[in-house]
Protein chains: 2
Amino acid sequence: MSLRIDLGRLRRDLEELGRFGRDPRGGISRPSFSRADLEARDWLKSLIVEAGLELGEDGAGNIFGRRPGPGRTVMAGSHIDTVVNGGMYDGAVGVLAALEALRRIHEEGAATGKAMEVAAFTDEEGNLVGDFMGSRAFAGLVDPDALRTGMTSFGAPLAEILSGTRFSVDSILAASRERPDLEAYLELHIEQGPVLDSEDIPVGIVEAIAGKRWRLCSFTGRAGHAGTTPLELRRDAFLGLADFAQKATRLTAADFEGGVVTIGKMTAHPGAFSIIPGKVEFTLDARSADPDALAGLEKALLALAEDIASTRGLTFASKLVDATEPVRIEDRMRALIKEEADALGYPSIELPSGAGHDAQIVASLCPVGMIFIPSPDGVSHAPEESVRWDDLEKGANVLLAAWLRLAR
Amino acid sequence: MSLRIDLGRLRRDLEELGRFGRDPRGGISRPSFSRADLEARDWLKSLIVEAGLELGEDGAGNIFGRRPGPGRTVMAGSHIDTVVNGGMYDGAVGVLAALEALRRIHEEGAATGKAMEVAAFTDEEGNLVGDFMGSRAFAGLVDPDALRTGMTSFGAPLAEILSGTRFSVDSILAASRERPDLEAYLELHIEQGPVLDSEDIPVGIVEAIAGKRWRLCSFTGRAGHAGTTPLELRRDAFLGLADFAQKATRLTAADFEGGVVTIGKMTAHPGAFSIIPGKVEFTLDARSADPDALAGLEKALLALAEDIASTRGLTFASKLVDATEPVRIEDRMRALIKEEADALGYPSIELPSGAGHDAQIVASLCPVGMIFIPSPDGVSHAPEESVRWDDLEKGANVLLAAWLRLAR
């Protein structure tokens, strides 16, 4: 018997989920514990119950649909929260494809030697207090101080956001106690980048998930009157950043294959037409899927910044504000996915994931595998985010086949 | 008889004026028509009356102290308003040195063939609706639409700022009708740059006042996920700006001697750690004391921006938001100042003014001359702005001598 997912049903589920959190400014805004998210959770729970699965929800709001079985649990999932003004597919595809796969397995009464469980993790997008709160809580890796004192991106403490729900900081901290014993974890996700789309390959097998270093940085020079200070006497902090941005990009491209560096936000002080910036603050995002390369890249970027500062009469300062470690996917998990894609006749390639995913956190508990489907034009975290239905069908069928094999 | 100013009296006046608008955040904040400015105006008017001069005030709030005489009027002045968190000397030095000079002339009963008048122009700093509102109104060069619809830097329309005073948009527009027939105008000012201080010269003779072009600009590319978009597939708007900032500085230094270019403020959109800037908006300030060079510089900068945009797959847009024309000081006015400095035994050099001044506007009415004194370390528009008292004495004595000679 060769099981296949029902694309029509999966598509209807995705479109229904996409109705929760429609934002008049564009796209979908469904951060965890928002009203839209609470409605979407109720909807997801009713699907789990209708499918005949055992509904579970832990103290962090992670939602589970379990098909009991002997032995350990093989889990598949992702998240249903979104960034503000995000799209319909980031995360949603992984949860609903896993649910569809498990529904088909359950409908067909497939015999398995393991329990199977679909998971929807809370706040993967980090709208509350840092990325991956739900999967971190599931793995017992949340920072109690961050939960208690951290400010959410909505300008309110987490406890205030939780006040209308049955969850609390304490329940989040206790969430990992309810965790089943895991055998393996699978996650289907949109690539969120352009590689599969540009190469016209429907299935990506993730070989590693990039780690990142986030630093808040500054160059400080001397403010001055834009009209009266000759160019050669300036210590313009922004020109230091301009120099750094260009050289950092060249250095990363030349010496750290697959590494990326991004300056996403910057503020000049005092910030006026006629005043030479005396200080500029900026964000620095550096990523690599290779742990040694990530450490080397961070070191090289800091050395470059110091070098530019000393050449230009500036000072450089930076503070690490977030870090996740790269995760290399085990060979046997990659081979399993490749074999199932091959058996289904779908072309596949291996590629790293530049974005972080819940799988990165669950990797601290058990072997993980990740399957990507193409993001048309590489667009994600935007209202224009999309998938092609035939790609989704292929990715979900590979998930079903690999999951079932792990659970046999 | 060789008249000299009384430095002790001038210094006391400057220190007294410096008490109006002390800002707890640092320095002096005395924008025109603020409470501090209204108090400072009353104080200045009482000094004028005490000196035995005829007090005048036009519909723009420009304050005058007149020593009547036959023939046309020879005027000297500057402004007493400040930028927010500014210093004690920018503008104040020119008004109070002129008042001191005219007091000495009047005390000594010097015979002159012309009327002499000290002037304090309103809102030179452009805290309300553009630079030089007072001198522009005096010269009949204000834009009625800007007065009626422009928003001040305090977020309220001009009419609201004026509501507690005896002034109005209509009275400002009518101010030029009260203007005397001008023979010449002199202005003493701090350099606001480092040239005189670094060369240890007490007197600067301004040869030209720079004009400027202010543009609000943007590069637009494509936003994307900082983790998933390979460097070579990015259209990062901020990297376009970084490239432009460096090349614009090099181009200006290489091809436009004495020209300056400054990017003082920039904002990336959407502006987050993990999102490649899809758009960056920034200010562009370009200045030169030479009219042809200013036009050439502006053209070269716009061509550079377009070139960078097309190379990097970005689009560039810009909008002119303010412009002043360079003013070349007439040879005979520069010679007059040089001769009086020489006669007093003070070293002097000629230099351009990178900053704009009321003299630039009054130049539309009559010949003007400008005398600079050193700004220690080039600092201005800051609480640390200063003068050395012996430099001030020399500058004020040159002003007195040149003014008296023009009025003989």
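In chain A, helix α9 passes helix α10 in a right-handed crossing; a crossing is left-handed if the near helix is turned anticlockwise from the far one by less than a right angle, and right-handed if clockwise. Everything described here belongs to a predicted model, in which local features need pLDDT of at least 70 and side-chain atom pairs count only at pLDDT 80 or more, while totals for chains, interfaces and linings use all residues. To find your way around, note that residues are numbered from 1 along each chain as its sequence is written, and that chains are lettered from A and ligands numbered from 1 in the order in which they are written.

The axes of α9(A) and α10(A), the latter covering residues 291-312, come within 10 Å and cross at roughly 145 degrees. Such axes are lines fitted to C-alpha atoms, for helices over the stretch in contact, with angles running from 0 to 180 degrees between N-to-C directions. Helices (H or I, at least four residues) and strands (E, at least two) are DSSP runs, numbered from the N terminus. On the α9(A) side you will find L239(A), G240(A), D243(A), F244(A), K247(A), A248(A), L251(A), T252(A) and D255(A), which meet L297(A), A300(A), L301(A), L304(A), A305(A), I308(A), A309(A) and R312(A) of α10(A). Sorted by class, the residues of this contact are 11 nonpolar, 2 polar and 4 charged. Here Ala, Val, Leu, Ile, Met, Phe, Trp, Tyr, Cys and Pro count as nonpolar, Asp, Glu, Lys and Arg as charged, and the others, Gly among them, as polar.

## How chain A is divided

Stepping back, chain A splits into domain 1, made of 7-209 + 326-407, and domain 2, which spans 211-324; these bounds come from an automatic or database domain assignment. The C-alpha centres of the two domains of chain A are 35 Å apart. Where they touch, domain 1 of chain A supplies 8 residues and domain 2 of chain A supplies 12, with two residues taken to be in contact if their C-beta atoms, placed from the backbone, lie within 7 Å. The domain 1 side of this contact in chain A has 4 nonpolar, 4 polar and no charged residues.

## Another helix pair in chain A

Helix α11 (residues 331-344) and helix α13 (residues 389-407) of chain A have axes that come within 9 Å and cross at roughly 125 degrees. The two helices, α11(A) and α13(A), are therefore oblique to each other: angles under 35 degrees count as roughly parallel, over 145 as roughly antiparallel, 65 to 115 as roughly perpendicular and the rest as oblique. The crossing of α11(A) and α13(A) is right-handed.

From α11(A), the contact draws on L336(A), I337(A), E340(A), A341(A), A343(A) and L344(A), while α13(A) brings N397(A), V398(A), A401(A), A402(A) and R405(A). Together, the contact residues of α11(A) and α13(A) are 8 nonpolar, 1 polar and 2 charged.

## Two chains and an axis

## Where the chains touch

At the interface, 47 residues of chain B are in contact with 47 residues of chain A. On the chain B side, the elements giving two or more residues include α9 (237-255), β7 (211-220) and β12 (279-288). The largest share of that side, 9 residues, comes from α9(B). By class, the chain B side has 21 nonpolar, 20 polar and 6 charged residues.

The α9 helices of the two chains pack at an angle of about 120 degrees, with their axes 9 Å apart, so α9(A) is oblique to α9(B). Their crossing, α9(A) over α9(B), is left-handed. F238(A), L239(A), A242(A), D243(A), A245(A), Q246(A) and T249(A) of α9(A) meet F238(B), L239(B), A242(B), D243(B), A245(B), Q246(B) and T249(B) of α9(B). The residues of this α9(A) and α9(B) contact divide into 8 nonpolar, 4 polar and 2 charged.

## Backbone details in the loops

The peptide bond from H269(A) to P270(A) is cis, with omega near 0 degrees, and P270(A) sits in the loop between β10 (266-269) and β11 (275-276) of chain A. In chain B, the bond from H269(B) to P270(B) is cis, with omega near 0 degrees, and P270(B) lies in the loop between β10 and β11 of chain B. Elsewhere, N85(A) is a residue other than glycine with a positive phi, near 60 degrees; N85(A) belongs to the loop between β3 (73-79) and α3 (92-107) of chain A.
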